[in-house]
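Please look over the sequence and the 3D structure shown below.

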Amino acid sequence: MQYLVSVIHDSDELAPPEEMAAIDVFNDRLIAEGHWVFAGGLGSTSSATVIDNRGGEAMITDGPFLESKEYIVGFWVMEAADLDVALKLATEASRACNRKVEVRPFL
């Protein structure tokens, strides 16, 4: 099963070099153990664009979908046998990136 592990933070600042190094080590382990699917960091919320095409004409709005004190700054997509394994990996991800994370299964 695949899980989305969203990295949550309250700043647009990039992780310092020591945190990036810990993330690289964690990513290498995910790859070696067969849990890696994909991962990435996201641009700042000021670079976001929201598109709403539910009506007759698409509305395009600059800025984030939701104003918040915390937001998603990156993510992993991980392969895990079950939720317990995903939660263990997410716990290690949180330590590696020094941020809160949220775990959600793909349907």
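## Glu33, Arg29 and their partners

Glu33 counts as partly exposed at 44% relative accessibility, where partly exposed lies between buried, under 20% relative accessible area, and exposed, over 50% (1.4 Å probe, protein chains only). The side chain of Glu33 meets that of Arg29 in a salt bridge (2.9 Å, N to O), a term for a side-chain nitrogen of Lys or Arg within 4 Å of a carboxyl oxygen of Asp or Glu. This is a predicted model, in which local features need pLDDT of at least 70 and side-chain atom pairs count only at pLDDT 80 or more, while totals for chains, interfaces and linings use all residues. Residues are numbered from 1 along each chain as its sequence is written, and side-chain values use heavy atoms, with hydrogens and water left out.

Arg29 is itself partly exposed, with a relative accessible area of 28%, and Arg29 also forms a salt bridge with Glu92, whose closest N and O atoms are 2.3 Å apart. This second pair links distant parts of the chain, since Arg29 belongs to helix H1 and Glu92 to helix H2, 63 residues apart; helices (H or I, at least four residues) and strands (E, at least two) are DSSP runs, numbered from the N terminus. Glu92 counts as partly exposed at 22% relative accessibility, and salt bridges that share partners join Arg29, Glu33, Lys88 and Glu92 into one network.

The structure holds six salt bridges, and one of them brings together the side chains of Arg99 and Glu19 (2.9 Å, N to O). Arg99 lies in the loop between helix H2 (83-97) and strand E6 (100-105), whereas Glu19 lies in helix H1 (residues 17-32), so the pair ties together parts that are 80 residues apart in sequence. Both partners are buried, Arg99 with a relative accessible area of 11% and Glu19 at 12% relative accessibility.

Rolling a probe the size of a water molecule over the atoms shows where empty space is left. On a 1 Å grid over the protein atoms alone, a pocket is an open set of points where a 1.4 Å probe fits, with protein on both sides within 12 Å along at least five of seven lines, and lining residues have an atom within 4 Å of a point. The largest pocket holds about 490 Å³ of space, a volume being the space filled by probe spheres set on the points, which are joined across faces, edges and corners. Of the 25 residues that line this pocket, the closest to its centre are Met20, Gly41, Leu42, Val73 and Gly74. The largest share of the lining, six residues, comes from E5.

## The nonpolar core

The largest nonpolar core has 16 residues, and those with the most contacts inside it are Phe26, Leu30, Trp76 and Met78; such a core is a set of buried Ala, Val, Leu, Ile, Met, Phe, Trp, Tyr and Cys residues joined through side-chain atoms within 4.5 Å. Strand E1 (2-9), H1, E5 and H2 each supply at least two residues of this core, and the largest share, six residues, comes from H2.

Leaving aside residues up to four places away in sequence, Leu30 touches His35, Trp36, Trp76, Met78 and Leu89, where contact means heavy atoms within 4.5 Å.
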